Amino acid sequence: MILNASDGIEVVATAEGAQAADVIRRERPDVVLLDIRMPVVDGLTVLRQIQELPEPPHVAMLTTFDTDEYILTALRSGASGFLLKDTEPEQLAQLVRTLAAGGVVMSPRASRALLRSHPGAGAAQDADVARVSSLSDRERDVLTLVAEGLSNADIGTRIHLSQGTVKDHVSSILTKLRVTSRVQAALLAERAGLLTRTDDDTNRNNGR
């Protein structure tokens with residue numbers, strides 16, 4: 001009811017776990033919200049099924065179960081976000097729009113879980129994080145904004161690039177980092193310390 005009442009959003013279907021993947025294949029929604037616990041087939045299993053589709057939709061977990069294990073498993077399995085069911089109605093609609101635009105949405109609890117699971121200490125010795133150093137300066141700018149949850153359009157506005165150019169940069173970033181999703185790239189950005197850059201650093205990068 002919350003989402004159907006929001007401008008520009010149409011709920012095309014709802015389904016329990018056993019039917020979810022088939023309904024998604026049939027309806028081809030832009031965004032899917034999955035609960036962790038559903039009858040017969042759980043949400044994490046459905047998430048993995050969705051990721052096997054040729055053009056999977058943007059998926060966020062919307063649940064009351066926010067243990068670190070659930071959060072990290074969902075994000076590593078391809079979810080673009082993790083939200084709790086106590087999210088304010090007006091905020092939920094905006095987060096769905098962010099998902100549809102290719103952004104990342106995270107509850108504060110989920111963000112803390114990511115940081116706890118991948119502390120910055122020792123990141124220089126981590127082979128995955130070391131790949132961040134292979135990115136160009138502009139790609140690191142884009143990666144930082146991806147990690148902040150911005151869509152391609154918002155990134156382009158922020159650093160004065162066309163949306164197509166941003167899309168090309170994101171594709172190159174995913175390839176170089178050997179990841180398959182924006183969330184996984186954002187995780188590496190956090191581990192590499194990109195989100196701790198000062199405003200002066202960001203301003204200098206934007207002026208290049």
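Guide: The model is predicted, with local features needing pLDDT of at least 70 and side-chain atom pairs counting only at pLDDT 80 or more, while totals for chains, interfaces and linings use all residues. Residues are numbered from 1 along each chain as its sequence is written, and side-chain values use heavy atoms, with hydrogens and water left out.

Visitor: What makes S1 and S2 a pair, and in which sense do they pair?

Guide: Strands are DSSP runs of E with at least two residues, and helices are runs of H or I with at least four, numbered from the N terminus. Two strands pair if DSSP finds at least two bridges between them; S1 and S2 (residues 58–63) have four bridges and pair in the parallel sense. Valine 31 has histidine 58 in S2 as its bridge partner, and leucine 33 stands opposite alanine 60 in S2.

Visitor: In what order do the four strands form the open sheet?

Guide: The order is S1-S2-S3-S4, with parallel pairing. Strand S1 (31–34) and strand S4 (105–106) each have a single partner strand, so they stand at the edges and one side of each is left without a neighbour in the sheet.

Visitor: How many bridges join S3 to S2, and how many join S3 to S4?

Guide: S2 and S3 pair over four bridges in the parallel sense, and here methionine 61 stands opposite phenylalanine 82, while threonine 63 has leucine 84 as its bridge partner. S3 and S4 pair in the parallel sense over two bridges, with phenylalanine 82 standing opposite methionine 106 in S4. From S3 the chain crosses through helix H4 (residues 89–100) to S4, and this β-α-β crossover is left-handed.

Visitor: What is the hand of the β-α-β unit made by S1, helix H2 and S2?

Guide: A crossover is right-handed if, with the strands pointing away from the viewer, the path from the first strand over the helix to the second runs clockwise; the unit of S1, H2 (residues 43–51) and S2 is right-handed.

Visitor: How do you know that both faces of S3 are covered?

Guide: Buried means under 20% relative accessible area, exposed over 50%, and partly exposed in between, using a 1.4 Å probe and protein chains only. Gly81 and Leu83 on one side, and Phe82 and Leu84 on the other, are all buried. S2 is mostly covered, with five of its six residues buried.

Visitor: Why is H7 called oblique to H8?

Guide: Axes are lines fitted to C-alpha atoms, for helices over the stretch in contact, and angles run from 0 to 180 degrees between N-to-C directions. The axes of H7 (residues 137–147) and H8 (residues 152–159) come within 10 Å and cross at roughly 125°. That makes H7 oblique to H8, because angles under 35 degrees count as roughly parallel, over 145 as roughly antiparallel, 65 to 115 as roughly perpendicular and the rest as oblique.

Visitor: Which residues of H7 and H8 meet?

Guide: With contact meaning heavy atoms within 4.5 Å, Arg138, Val142, Leu145 and Val146 in H7 meet Ile155, Arg158 and Ile159 in H8.

Visitor: Why is serine 6 called buried?

Guide: Serine 6 has a relative accessible area of 14%, which falls under the cut-off and therefore counts as buried. Leaving aside neighbours within four places in sequence, serine 6 is in contact with Ala93 and Arg97.
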